[in-house]
Amino acid sequence: MATAAAVVAVRPIEPEQASLWSDAWRRLRRNRFALVASIYLLLLVAVALISTVWTPYRMSAVGITETYAPPTAAHLLGSDELGRDILSRLMVGAQVSLIVGVGTQILVLAVGVPIGLLAGYYRGWLDQIVTFIINVFYGIPDLLVAMILVFILGPSLRNIIIAIVATRWMDMARLVRGQAMSLREREFVEAGRAAGARPIKMLFGHILPNALGPIIVQATLGIPAAILFEAFLSFLGVGVQPPTPSWGSMANEGVMAIQYAPHMVIAPSIALSLTLMAFNFLGDGLRDALDPRSRR
Amino acid sequence: MAPFSWRLLKILGVGAALSLVVVACGPGNGTQSNNLAANQTLKFPILGDFGTLDPAQLNAETDSEIAQNVFNGLVKFDNNLNIVPDIASKLPDVSSDGMTYTFTLRQDVTFSNGDKVTSKDVLYSWNRAAAEQGAYAGNLAAIKGYDVVSNNKVTSGAPLEALLEKNDPSVTLSGLTAPDQYTVKVQLSSPAGWFLSAIALEATTGMVVDQNVVKNDFDNWWTKPAEMVGTGAYKMTAYTPKQSVDFQAISNWWGSPKPTVQKVHIDILSNAESAITAYEQGSYDIYGYGGYSNAPIDAILRIQGTANEKNQLLLHPKVRTTWLQFNLVHDAARSAAGPFLLSGGTTAKNLRLAFALAIDKTKLATVVCHDIVCAPATGGLITKGLIGYVGDNTDPLAKFDATQAKQLLTQNDPDGSKTKGLSYAYDPNNPINTTVAQFLQDQWQTNLGVHVDLQPVDHSAFIKGYLSGKYVMARNGWQADYNHPQDWYDNLWGKIPGCPDANCGSGYDNSAYDTLLAKADAEPLQQAIPDYQALGKMLEDDVTYVPLYYSVGAFLLKPYVRGAGTNNFFDYYWDQIQILSH
């Protein structure tokens, strides 16, 4: 008995071993808001994919029912000022929002990460130039830059993404620059340098992987900002061009008739709000999950 | 005492309630008092600031609807569109050959600053307008010597004033003379059946201005209330650009009817919806005046569904036709090319016809306008109700035949290369242009399988681009100035406006058209009508345009506003309006 009791008493408690990513995933799953947001976003992606091959009605078909018709069984979200089915247009609008949101962040990553890494790692004159350029871009009103670019390049989905990237890349570059400046002083980087690793290897093999957490969070939070920006441009009439619907342009058309047909503005506004909230909840969840200091 | 008091109280209560009901159902809600209100201030919104109120430069209906209350000409249109004397004491004596018009002026006409109007003022005003070469200078084009004055190089400011003061031949219409203080004699260069209509056009080049004030600030005199002097029933008293403008009735005005409304306050807003909401909330007495009768369809539908407002809605056809314009000429001055050029022969013509037949104009009026604010344009270019209107369903380009359209497209563009990458330009400033553009885009996609990009362009840039031949397909339209077919056929096609390279949306340049137009313009109206209709047929045969719709204006008039309204052309004058007790 005594022997057995002694054995139990001295058995060490082994800490559960988990990688950064599995640990983050475990904590993300515990965040109910983030989980619900993820499910919503998966559904949104599914809707966007389905709308590439099927919508209840052709999204640009005019006069398929009464104009300004309120929701009915045949047209669940009603119709707009040209008698077009709002649900069909909302589904196609989801494509636009996701393409703009994700496409913008892919380009922002492609531009901002290398610039930030180089500036933060090498510092010196390169950092000064990059910092100066970033500050200049911050000093110019983003809406003005985007509108001028869209006017010059022409209003298309591709050019809207380019315009948004031109006003958003600095956030990512500055974040990555800060991460790189911090990480380059860490021991494992010192060790790598001492071992003769090439700068490219140091940047993309050691520093970037260790900065991925904040980058992912920043990119995730950048998606709703880009979606909102596109909606705003479309609301102003310089966004995606007809017949392609955008939630912003649909809201704009709805506002014109808000007193007579409020459903026209309610449907795209709710879709836009839910999507923005979902991306923000997911971003917050990812930040909590990937931030080692917030472990609980 | 107590029971009696209680009974009395009940009777008084019921009486009070009945009184409230009576008051609620009284004049404010249906029955209207015939007594004039103590406050005769008319308030209404307009949806943009003035371009100009100078008759020599005035170009837009939105400006003329205001300025017509400040200026007069020798003759004018009455509410029924008859030409009647205005500053002239009677209609002019016309020589038997139709070449000489002699006007006798009233001797009691004064400007708002007290200056008397004489024949010298008419000569100054018309010479100035012809020399400035504003948008409506052409209304004086029939007068002998116009060709000299219109080529004058000094078109503004003090230099032009100096030339006018010394009656320099370069700025003096040789056919315009004043035998005495109250007689004006007009010698035409060739017979022009449209001359009287042109000089009667409200607020434009036929109006009389006061040299004593104009000369002090030749180009901007109209912007200052103290100097904005005219002969009309009202004068400007305050003007804050982009905010508001106020007018006051002239006491002892020489004309008739004598104005009842003493003050007119106009707010310059930017949004039709908010203007209509303000009207509904009682901030304004009327909506739609000042050339802004294109109310949004959703607002009209809402008002039609509101019991106490639907009777305030006045829908009236306006003399405005909207059509799609093809670019027909491509040269050094016209950058747009496209598959619809006259040089493309039968193939291009068939493609134009395919694009025309692919549009269901009846559906357009139903979907876009709810059959309220527009009607399908099936009777030719000239709007229904005007002289020269050909008749319902007479325009072959107004037909809808998707099958024939598709056949024509397949035969003339079998691989789709000619109609690839097309775009349709329009100005989205008027919301209906956007919905029409999207409707057309869907019609071509559905009925032809052709995708056409939409190209929204801000209004002023659009007009410039359009007139210089930058668009393969574009929105076009014309609002009649006066009830004469010459107004339509002189200004849009052929050599007179400058086609193909200047001031010409289509580029349409056809010597047969020019010859027939010259003949029609010289003829008396009744004799000219068949010729004008033949010109319309020529445009149809060449498939130069696609008729879309005729416009209907929408006005809101409070029940206590009497005398306000509109004919096909213009708002009824302010001096005809009375505000009743309410």
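I began with helix 10 of chain A. Its buried residues pack against helix 4 (86–122), helix 9 (199–235) and helix 11 of chain A, together with helix 8 (272–280), helix 9 (297–304) and helix 13 (431–448) of chain B. The model is a predicted one.

I then checked how enclosed helix 10 of chain A is. I listed the buried ones: A:Trp247, A:Gly248, A:Ser249, A:Met250, A:Ala251, A:Asn252, A:Glu253, A:Gly254 and A:Met256.

Next I looked up the chain A to chain B contact. I found 18 residues of chain A touching 20 residues of chain B. The chain A side divides into 10 nonpolar, 7 polar and 1 charged.

**Helix pairs**

I took helix 2 (residues 20–30) and helix 11 (residues 263–290) of chain A. They pack at about 135°, with axes 8 Å apart. That makes helix 2 of chain A oblique to helix 11 of chain A. I noted a right-handed crossing for this pair. From helix 2 of chain A, the contact uses A:Ala24, A:Arg27 and A:Leu28; from helix 11 of chain A, it uses A:Gly285, A:Leu286, A:Asp288, A:Ala289 and A:Leu290. I sorted the contact residues into 5 nonpolar, 1 polar and 2 charged.

The crossing is left-handed. I picked out A:Val130, A:Ile134, A:Phe137 and A:Tyr138 on helix 5 of chain A, meeting A:Met170, A:Ala173, A:Arg174 and A:Arg177 on helix 7 of chain A. This contact holds 6 nonpolar, no polar and 2 charged residues.

Helix 16 of chain B brings B:Tyr513, B:Leu516, B:Leu517, B:Lys519 and B:Ala520, and helix 17 of chain B brings B:Ala528, B:Asp531, B:Tyr532, B:Ala534, B:Leu535 and B:Met538.

In soluble globular proteins, nonpolar side chains tend to be buried together. The largest core here has 179 residues, and B:Ala130, B:Ile286, B:Tyr287, B:Ala354, B:Leu364, B:Val546 and B:Tyr549 touch the most other members. Strand 17 (residues 545–557) of chain B gives the most to this core, with 10 residues. Apart from it lies another core, of 69 residues, with A:Ala24, A:Trp169, A:Leu233 and A:Val240 among them.

Beyond four places in sequence, B:Ala130 touches B:Ala137, B:Leu140, B:Tyr146, B:Val149, B:Ser150 and B:Leu173. One of these, B:Leu140, sits in the loop between helix 3 (119–132) and helix 4 (146–149) of chain B. B:Leu140 is buried because 25 other C-beta atoms lie within 10 Å, and 20 or more count as buried. Beyond four places in sequence, B:Leu140 contacts B:Trp126, B:Ala129, B:Ala130, B:Tyr146 and B:Thr205.

**Loop residue B:Gly379**

I found B:Gly379 in the loop between strand 13 (374–376) and helix 12 (402–412) of chain B. B:Gly379 is buried, with 22 other C-beta atoms within 10 Å. Leaving aside neighbours within four places, its contacts are B:Lys384, B:Tyr389, B:Val390, B:Gly391, B:Asp392, B:Thr394 and B:Asp395. I also checked B:Thr362: B:Gly379 is 17 residues from B:Thr362 in sequence and 13 Å away, C-alpha to C-alpha.

Most residues other than glycine have a negative phi, and most peptide bonds are trans. I looked for exceptions.

- A:Pro242 to A:Pro243 is a cis peptide bond, omega near 5°. A:Pro243 is in the loop between helix 9 and helix 10 of chain A.
- B:Ser256 to B:Pro257 is also cis, omega near -5°. B:Pro257 is in the loop between strand 9 (244–249) and strand 10 (263–268) of chain B.
- B:Leu81 has a positive phi of about 70°. B:Leu81 lies between strand 2 (75–77) and strand 3 (83–85) of chain B. B:Leu81 is partly exposed, with 18 other C-beta atoms within 10 Å.
- B:Ala203 has a positive phi near 70°. B:Ala203 lies in the loop between helix 6 (195–200) and helix 7 (211–214) of chain B. B:Ala203 is buried, with 27 other C-beta atoms within 10 Å.

Notes:
Residues are numbered from 1 along each chain as its sequence is written. Chains are lettered from A and ligands numbered from 1 in the order in which they are written. This is a predicted model: local features need pLDDT of at least 70, side-chain atom pairs count only at pLDDT 80 or more; totals for chains, interfaces and linings use all residues. Two residues are in contact if their C-beta atoms, placed from the backbone, lie within 7 Å. Ala, Val, Leu, Ile, Met, Phe, Trp, Tyr, Cys and Pro count as nonpolar, Asp, Glu, Lys and Arg as charged, and the others, Gly among them, as polar. Helices (H or I, at least four residues) and strands (E, at least two) are DSSP runs, numbered from the N terminus. A residue is buried if 20 or more other C-beta atoms lie within 10 Å of its own, exposed if 12 or fewer, and partly exposed in between; C-beta atoms are placed from the backbone. A nonpolar core is a set of buried Ala, Val, Leu, Ile, Met, Phe, Trp, Tyr and Cys residues joined through C-beta atoms within 7 Å. A crossing is left-handed if the near helix is turned anticlockwise from the far one by less than a right angle, and right-handed if clockwise. Axes are lines fitted to C-alpha atoms, for helices over the stretch in contact, and angles run from 0 to 180 degrees between N-to-C directions. Angles under 35 degrees count as roughly parallel, over 145 as roughly antiparallel, 65 to 115 as roughly perpendicular and the rest as oblique.
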